[in-house]
Amino acid sequence: MISVHKRLEFWAGLKPNELAFVDGKKEITFAELHIHTLQVATILNELGIRRGDLVCTMLPAYLDWPIVLALQILGATSFAKPTTANFDSYAEPRWLIASKEHSQFSTQNTIVLNEKVAEKVNDAKLFVPEVEPHNFTQPIRLSSTSGTTGESKYLRYSAAEMHPRLVTPSGVNFLGNGKFLNLMLFGAAQSYNWAHRCLLEGKTFFMSASTNESNFEYLQKYGIETVYGSPQQISALLETADKFSHSLDEKYNLVIGGSAPSGKLLSKIREKHKCAIYNSHGSAETGFISMCDLTVENSPGLIIHPNSVVQILDENDVEFGFDRVGYIRYKIPHASNSYLNNPEETKKSFKDGYFYSGDMGYKTKDGRLHITGRSNEVINFGGVKINPEQVDGLVLAETGVQDAASFALDDESGIPKLAVALVVDHEFDETAFLSSLKAKFTRAVIAEIFKVNSIPRNPNGKILRRELSKKFSSK
Amino acid sequence: MDISGILNFFASLKPDALALVDDSSEITFSQLDTNVRRIAQLLQINEIDTSSLVCTMLPSTLDWQVTLALHILGASSFSKPVGSRLDEALRPDWLISTQLNPDFPEDRTFIVDSNFEKAVNQTDKLKSAPGFASPDFPARYFFTSGTSGAAKYLVVTAENLLAKIKHQGSSELVGDRDGLNLWQFGSTQSYRVALRSLNEGRTFYTSGYYDYRLPKILNKYPIRTISGSPIQIGSMIDSLIQTGTKVPRVRNVIMGGSAPTQLQINRIRQHMDARIYNSYGSTELGFVSMHEIVEGKTLGGIISPEVKLEIVDEKNSVLPKGEVGIIRYAKAKMPRSYFNSEAATNEYFQDDFFYPGDLGFLDQLGHLHISGRTNEVMNLGGVKISPEKIENIALGTPGVLDAAAFPMIDNKGVIRLALAYVKDSVFIKEDLQARYQKELTGINISKFVEVEEIPRNENGKIPRANLAEIIFGSGPRND
């Protein structure tokens with residue numbers, strides 16, 4: 001194991017002027033990253049940040065990355081949140097480093113990155129890190145993970161725990177020349193791990209927080225052939241492509257992660273772009289698990305990476321044979337085994353070395369995995385169990401439906417009924433819609449339709465069904 | 001490491017993507033998976049199993065497929081260049097080669113020819129791949145001529161094969177992930193890059209030829225980085241000149257094995273617009289240091305953060321910066337011995353360090369400069385030869401009275417091997433040349449030069465480093 005400043009020093013020595021980090025228009029070379037990180041460390045140390053402190057950052061990626069590295073050098077633990085996010089009791093930071101003050105956080109312990117601080121950093125001496133051997137077992141990072149429940153949970157890593165993940169290739173590494181543009185939030189576990197992997201290997205980490213036209217420029221400029229994002233991010237990127245008449249040809253790969261892309265999104269891509277389409281599947285808890293090629297229709301399922309063990313279980317943890325839908329659990333070497341300060345959720349999700357992802361699915365004889373939905377969203381209509389994702393799929397195929405989410409809505413007696421929220425266009429005809437669905441789907445009746453402007457989703461693209469239930473139950 | 005699983009994963013995920021490209025073939029992941037399983041089945045039918053030690057002498061793409069087949073069967077293996085001699089240090093149970101080997105029984109040799117290929121194509125795929133028996137199973141042996149010039153082998157366990165691919169080698173430190181490897185397949189560099197490429201689902205590009213085929217590969221595929229020894233890179237430049245090829249896409253040239261001469265660097269600059277790097281390392285421990293060669297500057301190698309390197313005197317006391325001494329280095333996970341060679345182990349692995357036999361110093365920045373060798377071993381682009389071994393062949397030839405092997409720089413800047421000899425009346429030059437061809441496979445003597453007397457210093461030592469200048473005068477030579 002090698003400390004992060006030693007790595008920075010090596011790349012800055014070997015190829016000072018090559019790009020280490022690109023965030024939209026901001027480019028950072030290895031030499032700049034090396035010097036800047038050590039200067040930031042000096043200032044943060046002067047401001048009082050010490051070994052073991054928990055520090056939250058709310059910053060754009062190009063500012064966040066050197067700070068996160070500096071915090072690691074100082075022996076502090078970092079975690080990132082979006083600027084608008086609130087704090088919770090599972091991870092209470094001692095410090096906040098942000099572009100502006102946060103209403104919920106003490107001003108005294110907030111470091112606002114303004115021009116004055118920037119000047120100080122530029123004038124600062126280079127921090128001299130502690131002499132090796134370095135302590136690799138102290139925590140360096142918290143990653144938040146939010147299931148469909150919307151509740152934040154945190155995973156905590158030391159450098160020693162993270163290292164095996166960094167040296168194991170995954171998803172986007174398997175495609176093209178290995179260069180990829182990451183559209184995911186920088187604070188997400190994946191982004192953070194990839195940035196570290198790039199630093200480990202001396203490659204450029206490319207990311208973009210927007211889905212605007214400049215992304216197409218970046219692909220050209222840097223020779224990137226792979227783009228990674230959630231279904232929403234990819235969808236937004238493609239809308240931009242439409243608007244500016246860009247088309248992604250055969251040499252490009254779109255990798256969709258976070259959640260499985262809808263059939264609608266896939267046909268939209270296939271219609272206008274010749275690029276390859278992949279779905280990469282895994283979790284913040286374990287990392288990469290499986291992947292499949294969705295370039296053409298009728299994918300035979302996710303291909304499980306040989307590092308992963310995937311099982312399909314019944315409610316009593318007894319493993320099912322092939323082709324039976326059950327609860328998915330999986331394990332890989334070096335996965336997390338608990339949530340920070342949350343024994344209850346830990347107990348639910350981690351058992352016998354496996355992670356219970358909350359997904360339902362089945363395996364076929366050829367070893368492929370099919371994910372059919374979420375176990376905690378399965379709606380029980382008096383014994384009839386309905387998987388809302390299956391309903392979504394049927395509804396999305398109807399004329400005039402742009403986006404859809406099914407959810408459970410309790411009636412006055414607390415009995416759940418099936419409702420759908422729809423984003424529709426002018427072609428939509430409610431009567432035709434209902435009768436068509438009635439014919440296609442006989443297991444339950446769609447009791448209510450709500451037309452909405454957009455479907456609420458979390459940053460990973462997962463539909464927030466509970467939010468819909470809550471919103472419409474009061475109406 | 002589950003090689004069978006990895007093969008299957010990429011054959012399923014991206015069946016039509018290229019897994020392997022060389023001068024004559026393109027092999028997709030799907031083909032690679034099928035070929036490897038068929039070869040494995042055929043070898044299994046022919047009694048190769050986890051107890052077998054197999055030597056392969058094959059062109060690189062074939063070698064890689066057979067090697068993977070041996071891996072999934074769980075056999076031990078090592079590769080040598082086609083036509084090599086087998087030495088006593090490591091005797092295999094089986095040989096898989098394009099031709100019979102004079103050192104090895106015919107009935108234990110698989111000849112890879114069109115019949116073999118036919119048999120492979122008619123064989124079913126291996127049903128279940130046993131893989132290596134245990135993590136400490138001796139999965140792979142690597143030949144090295146390092147340090148002394150004598151043949152030695154390093155043994156890598158199944159567990160350490162996996163550890164090997166987690167580290168980058170010099171060829172992956174700069175540029176993108178699509179690089180062309182000119183190293184021979186049996187070398188650790190090439191093997192590691194091939195295995196790492198497989199693990200990441202990337203194409204492994206290699207070439208064993210330096211004629212029109214090499215520029216073709218460079219133009220056809222998105223190769224940005226080329227790595228090889230100074231001799232190999234020199235031959236590549238020859239092929240570019242001969243075919244009038246320009247390679248504007250190539251951004252980086254990495255040379256390892258030995259340091260390139262200034263003349264070689266100039267030739268590269270004349271024909272390519274690429275950054276030039278020199279890397280330093282060993283078969284024993286892998287990558288150690290690397291630096292860019294910048295005109296007008298003498299830069300030292302940036303030492304890998306994974307490596308602990310010291311310059312010591314003969315009593316193993318660490319010397320201050322700037323002082324030339326013996327180089328020794330260590331890594332967290334490193335081999336500690338040569339296979340079956342206690343004497344060499346004791347000499348080159350001491351006090352948890354590896355002693356590569358190089359002299360050098362660290363500058364004020366802590367960067368490494370190589371000054372020479374601790375013994376007289378000559379380094380010809382990574383192939384290390386003991387001059388005594390060369391001279392003994394000459395001295396055993398009738399009519400040779402005295403001989404000296406020495407390095408000379410040819411007019412392309414490549415370090416070549418020359419032999420000066422003193423003859424008497426019974427000497428026949430053809431006999432001497434024939435003897436070298438027979439007894440020295442893989443090493444070519446570029447120039448035989450007849451002299452009146454071999455120069456020696458007051459201690460009786462031959463001044464090999466200066467011999468070319470003494471004999472030919474200054475300046476580069478061509479044969």
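Predicted model: local features only at pLDDT ≥ 70, side-chain atom pairs only at ≥ 80, totals over all residues.
Residues are numbered from 1 along each chain as its sequence is written, and chains are lettered from A and ligands numbered from 1 in the order in which they are written.

**Entry 1: domains of chain B**

I noted the bounds next. Domain 1 of chain B covers 3-371 and domain 2 covers 386-472. Such bounds come from an automatic or database domain assignment.

I then looked up the contacts between the two. In chain B, 16 residues of domain 1 are in contact with 9 residues of domain 2. Contact here means that the C-beta atoms of two residues, placed from the backbone, lie within 7 Å. On the domain 1 side, helix 8 (230-243) and helix 9 (262-271) of chain B are the elements that give two or more residues. Helices (H or I, at least four residues) and strands (E, at least two) are DSSP runs, numbered from the N terminus. Helix 9 of chain B gives the most to that side, with 4 residues. I sorted this side of domain 1 of chain B by class and got 5 nonpolar, 9 polar and 2 charged residues. Ala, Val, Leu, Ile, Met, Phe, Trp, Tyr, Cys and Pro count as nonpolar, Asp, Glu, Lys and Arg as charged, and the others, Gly among them, as polar.

**Entry 2: chain B as a whole**

I counted 13 helices and 26 strands in chain B. The radius of gyration of chain B is 23 Å, close to the 23 Å of the globule rule for 479 residues, so chain B is as compact as a globular protein of that length. That radius is taken over C-alpha atoms, and the rule is 2.2 Å times the number of residues to the power 0.38. Along the principal axes, the C-alpha atoms of chain B fill a box of roughly 70 × 55 × 50 Å. Buried residues are 47% of the 479 in chain B. A residue is buried if 20 or more other C-beta atoms lie within 10 Å of its own, exposed if 12 or fewer, and partly exposed in between, with C-beta atoms placed from the backbone. Of the contacts in chain B with a separation of 6 or more, 63% join residues 24 or more positions apart.

**Entry 3: Ala403(B)**

Ala403(B) sits in strand 24 (residues 400-409) of chain B. Ala403(B) is buried because 24 other C-beta atoms lie within 10 Å. I left aside its neighbours within four places in sequence and found Ala403(B) in contact with Glu391(B), Ala394(B), Leu395(B), Leu419(B), Ala420(B) and Tyr421(B). I also checked Ile454(B), which is 51 residues from Ala403(B) in sequence and 6.9 Å away in space, C-alpha to C-alpha.

**Entry 4: where the chains touch**

Between the chains, 25 residues of chain B are in contact with 21 residues of chain A. Helix 1 (3-13), helix 6 (188-200) and strand 14 (286-292) of chain B each supply at least two residues of the chain B side. Helix 1 of chain B has the largest share, 5 residues. By class, the chain B side has 9 nonpolar, 7 polar and 9 charged residues.

**Entry 5: chain A**

I moved to chain A, which is divided into domain 1 (4-166) and domain 2 (378-473). The centres of these two domains are 42 Å apart, taken over C-alpha atoms.

An open sheet of 3 strands runs in the order 23-24-25 in chain A, with mixed pairing. Strand 23 (401-410) and strand 25 (446-451) of chain A stand at the edges with a single partner strand each, so one side of each has no neighbour in the sheet. Strands pair if DSSP finds at least two bridges between them. Strand 24 (residues 416-424) of chain A runs parallel to strand 25 of chain A, joined by 5 bridges. Ala421(A) has Phe450(A) in strand 25 of chain A as its bridge partner.

I closed with strand 1 (residues 19-23) of chain A. Strand 1 is largely enclosed by the rest of the structure, because 4 of its 5 residues are buried. Strand 1 of chain A pairs with strand 2 (residues 26-29) of chain A in the antiparallel sense over 4 bridges. Leu19(A) stands opposite Thr29(A) in strand 2 of chain A.
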